[in-house]
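Open the model in your viewer and keep the selection panel at hand.

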Amino acid sequence: MEDRVLLRVSELVKHYGDVRAVDGVSFEAHVASVFTLLGPNGAGKTTTLEILEGIREPDAGEIEVFGARLKRITRDVKQRMGVLLQDGGFEPYLKVREILRLFASFYENPVPLDEVLAQVALEDKAGAQVRALSGGQRQRLAVGAALINDPELIFLDEPTTGLDPQARRNMWSIVTGLKERGKTVLLTTHYMEEAEALSDLVCIMDHGVIIAEGSPRELTRAFGEETMIEFHAEGLSDAAAGELSACCKGFRVDGATVTLETKDLPTTMEALFAWSREQDVPLHNLIVRQPNLEDVFLSLTGRRLRE
Amino acid sequence: MKDVLFLARTHVITAIRERITLFWFLVFPVFMLVLLALIFGQIGQEGEINLDVAWVNRDAGGSDPGGFTAAVETVFEQLGTPQASGQLPLFTLHRPDPGEDLDAFLEEQLTALRRGRWDAVVVLPSGFGEATYARITGTAEPGEGAPGVSVYMSETSVASEMAAEIIEQVLGEVDREILTRAGRFDPSLAVESETVWVGASDEETRYVDFLLPGIVLMGFFVNGLFGVPGAILFNRDRKVLRRYWVTPLSVPRYFAGFALGHLALCGLQFVLLYLLGRYGFGATISFARPGAALTLLLAAVTFMAFGFLIASLARTANAGMATANILNMPMMFLSGMFFPVGGLPAFLKAVVYANPVSYLVNGLRLSLGVESASFSPGLLIGVPLGWIALSVVVASRKLKWDVER
């Protein structure tokens, strides 16, 4: 990540009727970095991105991109941007190569088609119609269309939503590759593991405002020296759950998942095993882990990211 | 410019690969041409016939010592009377009102014939009865013949040809009556008739020549009314437009590319219909006239603009298709595309006058010489241009590139 700021957003506001979808959002994205807006559905991530992509106009606020201060995104700026929409479509009867050629015609300096096809691993599907592609292949095609102009700034709106684990990993490697090539990626996601794996900087959004900002490590460090213990316990009684407070400083029960926070792992583990025997509650899928962004979001809002 | 060309190419490729679009663009108009040419090209071979014939008797009230004028009048009278209950008469006769100026009436009837309202106009000349009697009785001056019956026909109408054949048979019957009364066979006593072809062309015009321009326009009309909003609105619903929107592609260039592709498809459709009409049904009509080419272009652009208008006002693709369906029937059938609209009641005529299709249909047939002008040249061009301007202004203001939230 370079120190140079490529995109600066100040006090961005967008209303839909009485709903304040984006409520004074400000952040900076640096050159050669992955900047992530993380939050649940309806947090305002996509609206923020759509303003930056030029789809919507803000009600207030300022955007500084490529060194120019703008009220809204111009066509000149779009020449240097690439956009992967959350729900954009393609003509189903066009072939992969035809679509990329069409999108290439919109830009002054497009990348050779074969280069883009290789970048998104669609060389074998160049002659296939869109309707014959899998979900993952369509998403890679969408990324290819977003990269056809070799953009400096790339918006990826929920790029892995609905993809299977393998397709998700493929997308992650594309994003990592972009960063390595010096591109700036602005990503939205509601997958905390995606944000942790890819991001240099994360803004956690909820109800149109940014509630926390920093690198994944900085955000989770807010939990200090604590370690998380997690296990599954079906049908846990209130009485048994209440006894857990003797094991550690804090715990929470989310459905069948029980999570404990501790600074003293050996002591807490001993107490937990004792509790398991006394209450006759087996500790299924027991894991010990570091705090993650899900824990951060939960501690800030009292809700899980995917609720 | 390359973006416009690639968009045009995309539009053409998609239309050709998408079967439903291909059906409306190519299969449907071809089907209509084949169907109408086969059915109406054989009109009169079977089924009930009712022909509109204007009857102008200039000899009424004149001297008719042999009763020949009255006899001819009676024959036409019978043709205008149903032969059985519930059956239509062979002729529906249109006569002048008592005391009406015959010259003005005749002029009106000829205009109606040109516009396709009537199938024939028959004029019995002044002095017919007296002259016929004089020839039979041998009292006519040497070389003096009876004035001939004039039969006006539209060269663009099969029904008109049929009416002329029937009238010829009627006059043959009158000839036999005259010869019977004369008691001798003398061809010089036969009633002379003069057939006057009404129309702009001197060439023989076949029904398919009349039909083909209408089918071409119908094809353009369906493309514009259904194809344009369909393509735009389905692409909007499928979020394809949204994806274009985040690129530097501008709205006018998108429209330009779309329009170019659409016109290319119209051109392809025209070529196919023309070849089928010419080599499948023997059409002799030539579109290689500047007026016809310009009218075809004007029609394609007008209908496309109308499609833009629908696309801009509809919230969804389904709503756009429903709007097109509602407009389809009145616009197509109240235009003179398939049948004459001169005899419609006043409130429907208002629709005809507001309908751009009326002007384009008449303009194309006029430029091809198969129909006379029903509107002034200014209106023929001005009304479609007015609709184009209105549609473009509304579409550019109202068209949304994204589904509403």
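Select chain B, then whatever it touches on chain A. In this predicted model, 25 residues of chain B are in contact with 33 residues of chain A, contact meaning heavy atoms within 4.5 Å. The area buried between the two chains is about 3000 Å²; that is the accessible area (1.4 Å probe) lost on putting the parts together, summed over both. Carbon and sulfur atoms give 56% of this area. Now pick B:R17, B:R243 and B:P248: they supply 27% of what chain B buries against chain A, more than any other three residues.

Numbering runs from 1 along each chain as its sequence is written, with chains lettered from A and ligands numbered from 1 in written order. Local features need pLDDT of at least 70 and side-chain atom pairs 80 or more, while totals for chains, interfaces and linings use all residues; side-chain values use heavy atoms, without hydrogens and water.

Next, colour by element on chain B. α1(B) gives the most, nine residues. Helices here are DSSP runs (H or I, at least four residues), numbered from the N terminus. By class, this side has nine nonpolar, five polar and eleven charged residues, with Gly counted as polar.

Move to the second largest pocket. Its volume is about 520 Å³. Which residues are closest to its centre? Select B:E18, B:T21, B:G227, B:G230 and B:A231, out of 26 lining residues. A pocket is an open set of points on a 1 Å grid over the protein atoms alone, where a 1.4 Å probe fits, with protein on both sides within 12 Å along at least five of seven lines; lining residues have an atom within 4 Å of a point. The volume is the space filled by probe spheres set on the points, which are joined across faces, edges and corners.

Finish with α7 (207–237) of chain B. α7(B) supplies the largest share of the lining, eight residues.

Note on methods
Helix = DSSP H or I, 4+ residues; strand = E, 2+ residues; numbered from the N terminus.
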